[in-house]
Amino acid sequence: MQTQDRIREIPYNYTSFSDKEIVSRLLGKSAWQTIEQLRVGRTTGRSARMLFEVLGDIWVVNRNPYLQDDLLENPKRRQKLIDAMRHRLKQVEARLNGNELARELMNRVSDAVTGFDRWFDTQKDLRHKVVARLSKATHKDNIDFSGIARVSHATDATDWRVELPLVVVSPDSEDEVLDIVRGCIELGLTMIPRGGGTGYTGGAIPLEATAVVINTEKLEFLSGVEPIELPGVAGEKVATVRTGAGVVTRRVAELADRNGLVFAVDPTSIDASTIGGNISMNAGGKKAVR
C-alpha cells in the first residue's frame, strides 16, 4: 500500500481505518481517486480540509453508539451538527472557482450529509419496528440497543471491528429463539448467533449495520449423562448430554470427568467458550483424537 493511502487527515479517526478506507465507505471507492487527482493538481487546500472535517463528523458518529444515542434523543443538537456541516459545504462551494472535479467531490460529501441526516429518522423507525416485533418473542428487556451492548458485541477475540450491530437480543429460552429468527427475517435483518465471543475466525462480527446479534449465554440447560443409541452406531450405546447453546465448555468437561468420561472438545478458551460455538465452529483441541 502506498504511504499516501495511510495518511490521516480526517479528524476524529482513532480507528484502524485509513482515510482512503473511510472515504471509500462514505463516498464510494472512486471518490478517493478524485481526491488523488485534486492533490496532483494542488487544489486541495482549505476546501479539502473542510470536506475532511465533514467526513470526520460523520465518521465519529458512525463509530460511536453513545453519540448516536445522544443525537437520537436531542433533535436540536443533531440539527446544529447538520447545519455546521452544510455551512462548511457552502464555504467549499464558494471556493470552487469552476473546478468541476472539486464540485463532484463536494456533491458526494453533500449526499453523504443528507444520508447521515436521514439515518436518524430511519434508525428510530427501525428500532421501533424491532421492539414491536421481537417483544412478541422475548421479554422487552432482552432487546438491547444500549451503547455498551452494541460495543461489546461488535467484535470477538480477533478484535476486528467493521460495523456496530443494530441491537443485541438475549433470549431466555430456546423456545424464544425460533420466533426471534422469524421476526428478524420478516424485518429483513441479518442475524448473528453469539456465545462467549472467544472465536478467532470472525464468525460473530457484524459486517452490516442492520445486524442483530442473538446472544445465547442465557441458554444454560445442562442434563446428566445418558447412554443412548445413535443412528449409524448399531449395537452400542453412546454417552450423551443435552445442553443449551450457552453452556460454558468447562461445565461439560467437568460433567464428563465426574462420570469417568472425557469430553474431547478442549479449546484454549474452555473456561469462556460455549457449546453452541464449539459445535458451530467445529472446535477441537489437544484431546480431540480421544
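Student: Which helices do the buried residues of helix 4 pack against?

Tutor: They pack against helix 3, helix 5, helix 6 and helix 7 (147-152). Helices here are DSSP runs of H or I with at least four residues, strands are runs of E with at least two, and both are numbered from the N terminus. This is a predicted model, so local features need pLDDT of at least 70 and side-chain atom pairs pLDDT 80 or more, while totals for chains, interfaces and linings use all residues. Residues are numbered from 1 along each chain as its sequence is written, and side-chain values use heavy atoms, leaving out hydrogens and water.

Student: Which residues of helix 4 are buried?

Tutor: Pro 65, Gln 68, Asp 69, Leu 71 and Leu 72 are the buried ones. Buried means under 20% relative accessible area, exposed means over 50%, and partly exposed lies in between (1.4 Å probe, protein chains only).

Student: Where on helix 4 do its buried residues fall?

Tutor: An α-helix has 3.6 residues a turn, so residues three or four places apart point the same way. Looking down the axis of helix 4, the buried residues fall within an arc of 165 degrees, so they line one face of the helix. The arc is taken from the directions from the helix axis to the C-beta atoms.

Student: Which residues of helix 9 are buried?

Tutor: In helix 9 (residues 249-258) they are Thr 249, Val 252, Ala 253, Leu 255 and Ala 256. They span an arc of only 160 degrees around the axis, which puts them on the same side of helix 9. Turn to the other side of helix 9 and you find Asp 257 and Arg 258 exposed. The buried residues of helix 9 pack against helix 10 (275-280). After helix 9 comes Gly 260, with a positive phi near 70 degrees.

Student: At what angle do helix 4 and helix 5 cross?

Tutor: Two packed helices are described by the angle between their axes and the distance between the axes. For helix 4 and helix 5, the axes cross at roughly 110 degrees and come within 5 Å. That makes helix 4 roughly perpendicular to helix 5. The axes are lines fitted to C-alpha atoms over the stretch in contact, with angles from 0 to 180 degrees between N-to-C directions. Angles under 35 degrees count as roughly parallel, over 145 as roughly antiparallel, 65 to 115 as roughly perpendicular and the rest as oblique.

Student: Which residues of helix 4 and helix 5 meet?

Tutor: From helix 4 come Asp 70, Leu 71, Leu 72 and Glu 73, and they meet Pro 75, Arg 77, Arg 78 and Leu 81 of helix 5. By class, this contact has four nonpolar, no polar and four charged residues. Ala, Val, Leu, Ile, Met, Phe, Trp, Tyr, Cys and Pro count as nonpolar, Asp, Glu, Lys and Arg as charged, and the others, Gly among them, as polar.

Student: Is Arg 78 buried or exposed?

Tutor: Arg 78 counts as buried, at 10% relative accessibility. You will find Arg 78 in helix 5 (residues 75-94). Leaving aside neighbours within four places in sequence, Arg 78 is in contact (heavy atoms within 4.5 Å) with Leu 71, Leu 72, Phe 120 and Asp 121.

Student: How do helix 5 and helix 6 run, and at what angle do their axes cross?

Tutor: Their axes cross at roughly 170 degrees and come within 10 Å. Helix 5 and helix 6 are therefore roughly antiparallel to each other. Helix 5 contributes residues including Arg 78, Leu 81, Met 85 and Leu 89, and helix 6 contributes residues including Val 109, Phe 116, Phe 120 and Asp 121. The contact divides into 10 nonpolar, two polar and six charged residues.

Student: What about helix 1 and helix 3: at what angle do they pack?

Tutor: They pack at about 80 degrees, with their axes 11 Å apart. That makes helix 1 roughly perpendicular to helix 3. Among the residues making this contact are Val 23, Leu 26 and Leu 27 of helix 1 and Phe 52, Leu 55 and Trp 59 of helix 3. The classes here are eight nonpolar, one polar and two charged residues.

Student: Which residues touch the most other members of the largest nonpolar core?

Tutor: In this core of 34 residues, they are Val 23, Leu 27, Leu 55, Ile 58, Met 85 and Phe 116. The elements giving two or more residues to the core are helix 1 (19-27), helix 2 (29-40), helix 3 (46-63), helix 4 (65-73), helix 5 and helix 6 (100-134). A nonpolar core is a set of buried Ala, Val, Leu, Ile, Met, Phe, Trp, Tyr and Cys residues joined through side-chain atoms within 4.5 Å. Not counting residues up to four places away in sequence, Leu 55 touches Ile 10, Val 23, Leu 26, Leu 27 and Val 109. A second, separate core of 15 residues includes Ile 143, Val 167, Cys 184 and Val 212.
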